[in-house]
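Subject: Structure for your attention, with notes

Dear colleague,

I am passing on the structure we spoke of, together with some notes on what I found in it. Please read the notes with the structure open beside them.

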Amino acid sequence: MKKDPACIFCKIVGGEIPSADVYEDELVKAFLDINPVRVGHTLIVPKEHFPFMTDVPDETLSHAFKISKRLMEDIKQVYNADFVTLAVVGIDVPHFHLHLIPRKHSDEIPVFWPTSKYEEGEMEKQAKKIRSFISGK
Ligand SMILES: [Zn+2]
């Protein structure tokens, strides 16, 4: 199993750093974020070190999403939330993880990044660029 000795999530998985755990099985571990957006903000990580989502084996990835779906429903009920946001940010800790954040429709949490608009015709051009790459593989 791949580990990065400098990785905070590998240390949490290995028990070197204490965590407030909410779920664990053979492939993933879920624990509370130390800096929550909202109380109950949970992180779910593969136990093995994979920096990005594209590095995670399909079986582990689908398992992480399946468990996230289950935990989202549980967290929603525990916190009487209107919904639970599932987010893959990917720029904070380089060990793939999913954020599960209990939300209220009225909580006014801002979107994670600023958005922009496409120029006329640019959106279709960009979609075609991706489609062409996919079909050319
Ligand atoms: Zn790691």
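This is a predicted model: local features need pLDDT of at least 70, side-chain atom pairs count only at pLDDT 80 or more; totals for chains, interfaces and linings use all residues.

Residues are numbered from 1 along each chain as its sequence is written.

Overall layout

The protein has 3 helices and 5 strands, where helices (H or I, at least four residues) and strands (E, at least two) are DSSP runs, numbered from the N terminus. Read from the N terminus on, these elements follow the order α-β-β-β-α-β-β-α. The C-alpha trace spans about 50 × 40 × 25 Å along its principal axes. Of the 137 residues, 21% count as buried; a residue is buried if 20 or more other C-beta atoms lie within 10 Å of its own, exposed if 12 or fewer, and partly exposed in between, with C-beta atoms placed from the backbone. Among contacts with a separation of 6 or more, 51% are accounted for by residues 24 or more positions apart, a contact being two residues whose C-beta atoms, placed from the backbone, lie within 7 Å.

The sheet

The 5 strands form an open sheet in the order E1-E2-E3-E5-E4, with antiparallel pairing; two strands pair if DSSP finds at least two bridges between them. Strand E1 (21-24) and strand E4 (83-87) stand at the edges, each with a single partner strand, so one side of each is left without a neighbour in the sheet. From one strand to the next the twist averages 20°, with axes taken as lines fitted to C-alpha atoms, for helices over the stretch in contact, and angles running from 0 to 180 degrees between N-to-C directions.

Strand E2 (residues 28-32) is joined to E3 by 5 bridges in the antiparallel sense, and here Ala-30 stands opposite Ile-44. E3 is in turn joined to E5 by 3 antiparallel bridges, with His-99 in E5 as the bridge partner of Leu-43. E4 and strand E5 (residues 98-103) pair antiparallel over 5 bridges, and Ala-87 stands opposite His-99 in E5.

How much of strand E3 (residues 42-46) is buried? The count is 5 of its 5 residues, and both faces are covered, with Thr-42, Ile-44 and Pro-46 buried on one side and Leu-43 and Val-45 buried on the other.

The core

The largest nonpolar core has 20 residues, and those with the most contacts inside it are Val-28, Ala-30, Leu-43, Ile-44, Val-45, Leu-71 and Leu-100; such a core is a set of buried Ala, Val, Leu, Ile, Met, Phe, Trp, Tyr and Cys residues joined through C-beta atoms within 7 Å. The elements that give two or more residues to this core are helix H1 (8-13), E2, E3, H2 and E5, and H2 supplies the largest share, 5 residues. Ile-44, leaving aside its neighbours within four places in sequence, has contacts that include Val-28 and Ala-30, Ala-64, Ile-67 and Leu-71, and Leu-98 and Leu-100.

Helix H2

At 1.5 Å a residue, the 21 residues of H2 should span 30 Å, and its end C-alpha atoms are 30 Å apart, which agrees; the expected span is 1.5 Å times one less than the number of residues. The buried residues of H2 are Ala-64, Ile-67, Ser-68, Leu-71, Met-72 and Ile-75. Seen down the axis of H2, these buried residues fall within an arc of 160°, so they line one face of the helix, the arc being that of the directions from the helix axis to the C-beta atoms. What covers them includes E1, E2, E3, E4 and E5. The face of H2 turned away from its buried side carries exposed residues, including Asp-58, Glu-59, Lys-66, Arg-70 and Gln-77.

Loop residues

Asn-80, in the loop between helix H2 (58-78) and E4, has a positive phi near 50° although it is a residue other than glycine, and Asn-80 is exposed, with 8 other C-beta atoms within 10 Å. Glu-108, in the loop between E5 and helix H3 (122-135), likewise is not a glycine and has a positive phi of about 55°; Glu-108 is exposed, with 6 other C-beta atoms within 10 Å.

With best wishes
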